[in-house]
Amino acid sequence: DVVFRTKDLTKVYDTGQQKVHALAGVDLELYAGELVVLLGPSGSGKSTLLNILGGLDHATDGRVWFRDQELTGMGDRGLTRFRRDHVGFVFQFYNLVPSLTAWENVQLVTDVARDPMPPEEALKEVGLGSRMDHFPAEMSGGEQQRVAIARAIAKRPEILLCDEPTGALDSKTGVQVLEALRRINESTGTTTVVITHNAAIRQMAHRVIWFQDGKIRLVEENATRLAPA
Ligand code: ADP
Ligand code: ADP
């Protein structure tokens, strides 16, 4: 069951002085229920790919499909609807509203979603059932990131895209955040793509996709966690 398919996906940034080939022809299929990690050097195109899959950015060339919908060629309104209906995002910085509790931060999203889970359910999912009434300033970085994850999953997205969710955390706290992502992937079957430098992800992911110079260099299957077909 293929969720995303890309064909010769290309992204060129033209800064005026030079053209940067951030993606130089990427062919990829992501399967429903997979947890995939994107690895590779800084500047190899990982964020660019994540942004295009999530409808945050346009490709320069090539094609991307989400199920039978083609994202390439879709206008900004179409992409906005696609993001709203199907995608949860987690970034390096949590972007929580400081004046709202954890529960209220998640509720901001569930209020406007079509079929959300209750905020408390999303917070329990990330192990924060006992912290729902805390404000961001009363929580550790790892806890704040887990609130951000709860917020991302509360609308029951089909896809969860995480760009350096551990980037601001020490490695042990980072592992806890990745564990939360893995648990969610297991319990909800949400297709999850993660960019992280935390090595613990390699045992959790179904597949590791290595990037270099805007291309896929290697795809590794995790023998201990086989990908859904
Ligand atoms: P990462 O290595 O975590 O992807 P970067 O430092 O490469 O982070 O990029 C951070 C942000 O800056 C991204 O949003 C990216 O789109 C943007 N960016 C990266 N390189 C350039 C550049 N040469 N010109 C303008 N924006 C850039
Ligand atoms: P990664 O996530 O693997 O670190 P990125 O996708 O952020 O890589 O970047 C890929 C390449 O595209 C890099 O050379 C980066 O500098 C460039 N880039 C990213 N965003 C921009 C941007 N907004 N403008 C110009 N160049 C960019």
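The largest pocket is lined by 23 residues, and Arg83, Arg84, Val87, Val109 and Lys155 are those that lie nearest its centre; a pocket here is, on a 1 Å grid over the protein atoms alone, an open set of points where a 1.4 Å probe fits, with protein on both sides within 12 Å along at least five of seven lines, and lining residues have an atom within 4 Å of a point. This is a predicted model, in which local features need pLDDT of at least 70 and side-chain atom pairs count only at pLDDT 80 or more, while totals for chains, interfaces and linings use all residues. Residues are numbered from 1 along each chain as its sequence is written, chains are lettered from A and ligands numbered from 1 in the order in which they are written, and side-chain values use heavy atoms, with hydrogens and water left out.

**Largest pocket**

- About 490 Å³ of space lies in the largest pocket, where a volume is the space filled by probe spheres set on the grid points, which are joined across faces, edges and corners.
- At least two lining residues come from each of helix 2 (76-86), strand 6 (87-90), helix 3 (102-110) and helix 5 (141-153); helices (H or I, at least four residues) and strands (E, at least two) are DSSP runs numbered from the N terminus.
- The lining divides by class into twelve nonpolar, three polar and eight charged residues, with Ala, Val, Leu, Ile, Met, Phe, Trp, Tyr, Cys and Pro counted as nonpolar, Asp, Glu, Lys and Arg as charged, and the others, Gly among them, as polar.

**Ligand 2**

- The shell around ligand 2 (residues with a heavy atom within 4 Å of it) consists of Tyr13, Thr15, Val20, Ala22, Pro41, Ser42, Gly43, Ser44, Gly45, Lys46, Ser47 and Thr48, and by class it holds four nonpolar, seven polar and one charged residue.
- Oxygen atoms of ligand 2 make polar contacts (pairs of N or O atoms within 3.5 Å): one lies 2.5 Å from an N or O atom in the side chain of Thr48, one lies 2.8 Å from an N or O atom in the side chain of Lys46, and one lies 3.0 Å from a polar backbone atom of Gly45.
- Taken alone, ligand 2 exposes 560 Å², of which the protein buries 61%, the accessible areas being computed by the Shrake-Rupley method with a 1.4 Å probe.
- Strand 2 (19-31) and helix 1 (46-53) are the elements that give two or more residues to this shell, and helix 1 gives the most, with three residues.

**Ligand 1**

- Ligand 1 is surrounded by Ser42, Ser47 and Glu164, and an oxygen atom of ligand 1 is 3.1 Å from an N or O atom in the side chain of Ser47, while for the side chain of Ser42 the corresponding distance is 3.3 Å.
- Taken alone, ligand 1 exposes 550 Å², and the protein buries 24% of that.

**Sheet and hairpins**

- Four strands form an open sheet in the order 2-1-4-5 with antiparallel pairing, two strands being paired if DSSP finds at least two bridges between them.
- Strand 2 and strand 5 (69-70) stand at the edges with a single partner strand each, so one side of each is left without a neighbour in the sheet.
- Strand 1 (residues 2-14) is joined to strand 2 by ten bridges and to strand 4 (residues 61-66) by five bridges; Phe4 has Leu30 as its bridge partner in strand 2 and Phe66 as its bridge partner in strand 4.
- The hairpin of strand 1 and strand 2 has four residues between the strands, and Gly16 takes a positive phi near 100° there.
- Strand 9 (residues 207-212) and strand 10 (residues 215-221) run antiparallel and are joined by six bridges; Ile209 has Val219 as its bridge partner in strand 10, and in this hairpin, with two residues between the strands, Asp213 takes a positive phi near 50°.

Definitions and conventions:
A polar contact is a pair of N or O atoms within 3.5 Å; within protein, one must be able to donate a hydrogen and the other to accept it, and residues adjacent in sequence count only if both atoms are side-chain atoms.
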